[in-house]
Amino acid sequence: MIQAVMIMSTQGKPRLLKFYSYHAPEKHQDLVRAVFQLLSARPDSVSNFVKVDAIFGPGAKLIYKHLATLYLGFVFDGSENELAVLDLVQVFVETLDRCFKNVCELDIVFNFNKLHTILDEMILGGQVIETSSEQIMRSVEEIARLEKQSNTTSLIPKSISERFSR
């Protein structure tokens, strides 16, 4: 089971935290700090697989990807295959690249609802439900299309620059 998805800047600021298993809200900042300290101390030449028993409990593992100014981390337990989670991270990165062209920290900050929609299409309750980047993009585009047709409040907000350019 996927326990958490974390995206944080290389300065340690959380940009997305999504927990699929319960962790007290007052502990979230401690978890982010501990994961950041662990990742920032690792050289680029080492494996992206990390045991995080001390942080998330027995059997917990973290697979992360370092992209420019971001760390993307997926925390999971022993019931998930490590290579399958590594592939899931890659699918997530590919989907972000399709949505935002060259994804950067500002895309994540200003389009967090779209980011959550992408994650919701991939993971439901800690279980992986979709691993096709194309299918995920179709679903996200369909949601956006339906919102335009219905003229309701958008579930995926327009970027900040589009809002203020009117």
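Predicted model: local features only at pLDDT ≥ 70, side-chain atom pairs only at ≥ 80, totals over all residues.
Helix H5 lies across strands E1 and E2, and its direction makes an angle of about 35 degrees with E2.

An open sheet is formed by 5 strands, which follow one another in the order E2-E1-E5-E4-E3 with antiparallel pairing. Strand E2 (14-19) and strand E3 (49-51) are the edge strands of the sheet, each of them pairing on one side only. On average, and with direction ignored, neighbouring strands of this sheet are turned by 20 degrees against each other.

The nonpolar residues come next. The largest nonpolar core has 29 residues, and within it Phe92 and Ile123 are the ones with the most contacts. At least two residues of this core come from each of strand E1 (2-9), strand E5 (70-76), helix H3 (82-100), helix H5 (112-122) and helix H6, while the greatest contribution is that of H3, which gives 9 residues. Once its neighbours within four places in sequence are left aside, Ile123 is in contact with Ile2, Val5, Tyr20, Phe74, Leu88 and Ile129. There is also a second, separate core, made of 16 residues, among them Leu39, Phe56, Leu62 and Tyr64.

Helix H6, which spans residues 133-150, also contains Ser139. This serine counts as buried because its relative accessible area is 17%, which is under the limit of 20%. The side chain of Ser139 is joined to that of Glu121 by a polar contact of 3.4 Å.

The cysteines remain to be considered. A disulfide is a covalent bond between the sulfur atoms of two cysteines, and the count of disulfides in this model comes to 0. For Cys99 the reason is distance: the closest cysteine sulfur, in Cys104, is 13 Å from its own sulfur and therefore too far for a bond, given that a disulfide requires the two sulfur atoms to be within 2.5 Å. Cys104 is likewise in no disulfide, the nearest cysteine sulfur being that of Cys99.

Definitions and conventions
Residues numbered from 1 in each chain as written. Heavy atoms only, no water. Helix = DSSP H or I, 4+ residues; strand = E, 2+ residues; numbered from the N terminus. Buried < 20%, exposed > 50% of the residue type's maximum accessible area, 1.4 Å probe, protein only. Polar contact = N/O pair within 3.5 Å; in protein donor to acceptor, adjacent residues only side chain to side chain. Core = buried A, V, L, I, M, F, W, Y, C linked by side-chain atoms within 4.5 Å. Contact = heavy atoms within 4.5 Å. Pairing = 2+ DSSP bridges. Axes fitted to C-alpha atoms, helices over the stretch in contact; angles between N-to-C directions.
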